[in-house]
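Subject: Structure handover and pocket results

Dear colleague,

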Amino acid sequence: MDRKLRVGVLGATGMVGQRFISLLENHPWYEVVTVAASPRSAGKSYEEAVAGRWKMAAPMPEAVKKLTVMDVNEVEKVASTVDFVFSAVDMTKDQIRAIEEAYARTETPVVSNNSAHRWTPDVPMVIPEVNPEHFQVIAAQKKRLGTERGFIAVKPNCSIQSYAPALAAWREFEPYEVVATTYQAISGAGKTFQDWPEMVENIIPYIGGEEEKSEQEPLRILGRVENGEIVKAAEPVITCQCIRVPVLDGHTAAVFVKFRKKVTKEELVEKLVSFHGLPQELKLPSAPAQFIQYMEEDDRPQVKLDVDFEKGMGISIGRLREDTVYDWKFVGLSHNTVRGAAGGAILCAELLTAQGYISAK
């Protein structure tokens with residue numbers, strides 16, 4: 001492309017917003033030119049607005065420090081400065097739906113980390129390696145919104161990234177029943193140990209709304225496009241428990257699967273390690289060269305050792321073995337704020353750019 005696309009980050013001061021800022025530093029296609037947040041941060045420099053609250057391990061990029069934070073509610077003003085936006089706003093679901101549609105109606109594509117539009121029938125919810133064909137519904141969405149280039153696309157919940165890609169890799173063996181337990185990091189709640197000391201040496205066996213998302217969102221990803229809408233798959237039937245654990249970054253899942261077709265461990269592993277998609281074929285900037293790795297060691301994957309596989313954009317699977325009740329069981333690990341949040345959204349944007357959905361205004 002002739003120049004980098006101008007990017008805005010909505011909700012730029014929160015943890016996921018900060019992760020967007022961090023991951024977009026020196027991006028070959030995109031340049032963050034606008035940061036927007038709540039009115040209480042508006043008018044301050046980004047550095048001032050986030051003072052004492054920068055939660056990334058890497059330092060704040062110099063290029064954004066002096067950007068003046070804009071009021072995210074001034075939709076036309078913010079939209080006029082950018083080619084597209086990433087959304088990580090912290091609002092009610094109704095408010096998020098309204099503001100993301102408002103941005104889309106200004107002919108500004110919105111790539112969202114939020115859950116508000118994940119079940120809007122004509123909004124694609126995409127893991128780029130798994131269901132890029134769902135971007136086809138954007139045409140129907142534009143018709144509904146009355147736009148030519150404005151639309152909303154979303155990425156799925158962070159908790160499913162550690163097992164849904166494996167189910168996608170194994171579709172030909174017809175998984176039909178799944179039991180999953182996710183062990184979720186505190187950064188998934190936008191927290192660190194400094195601001196959530198109650199999580200030190202603790203487990204909380206409840207994360208609001210997370211179990212329904214973990215059971216239903218994989219079915220939408222595995223679904224099909226029909227008459228301009230996403231129709232979710234009927235199988236596999238998934239039941240899930242979601243537990244908050246004292247880990248900063250990295251969601252782990254313990255998963256049991258029943259298959260209709262007889263399958264060997266060797267076949268399952270081969271499907272995992274060979275699984276790839278358009279991001280790999282197109283060599284998109286954020287695409288992991290190896291989407292899923294399989295680890296033979298009995299004690300892997302581990303958060304401390306494996307969460308940053310492929311810079312946090314890869315999935316790690318291990319402990320695949322036959323089960324006495326189900327057919328097979330395994331453990332999966334994904335980085336919840338990279339692949340599971342900002343990084344996954346950036347990869348969606350890259351694929352949308354490569355396919356011509358996102359371009360310079």
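By class, the lining of the largest pocket comprises 14 nonpolar, 19 polar and nine charged residues (nonpolar being Ala, Val, Leu, Ile, Met, Phe, Trp, Tyr, Cys and Pro, charged being Asp, Glu, Lys and Arg, and polar the others, Gly among them). The model is predicted, so local features need pLDDT of at least 70 and side-chain atom pairs count only at pLDDT 80 or more, while totals for chains, interfaces and linings use all residues. Residues are numbered from 1 along each chain as its sequence is written, and side-chain values use heavy atoms, with hydrogens and water left out.

The largest pocket has a volume of about 1,100 Å³ (a pocket is an open set of points on a 1 Å grid over the protein atoms alone, where a 1.4 Å probe fits, with protein on both sides within 12 Å along at least five of seven lines, and lining residues have an atom within 4 Å of a point; points are joined across faces, edges and corners, and the volume is the space filled by probe spheres set on them). Among the helices (DSSP runs of H or I, at least four residues, numbered from the N terminus), α1 gives the most to this lining, with three residues.

The second largest pocket, with a volume of about 730 Å³, is lined by 32 residues, of which R19, S22, L23, K311 and V338 lie nearest its centre. Two or more residues of that lining come from each of α1 and α12, and α1 gives the most, with four. The lining of the second largest pocket divides into 15 nonpolar, ten polar and seven charged residues.

Best regards
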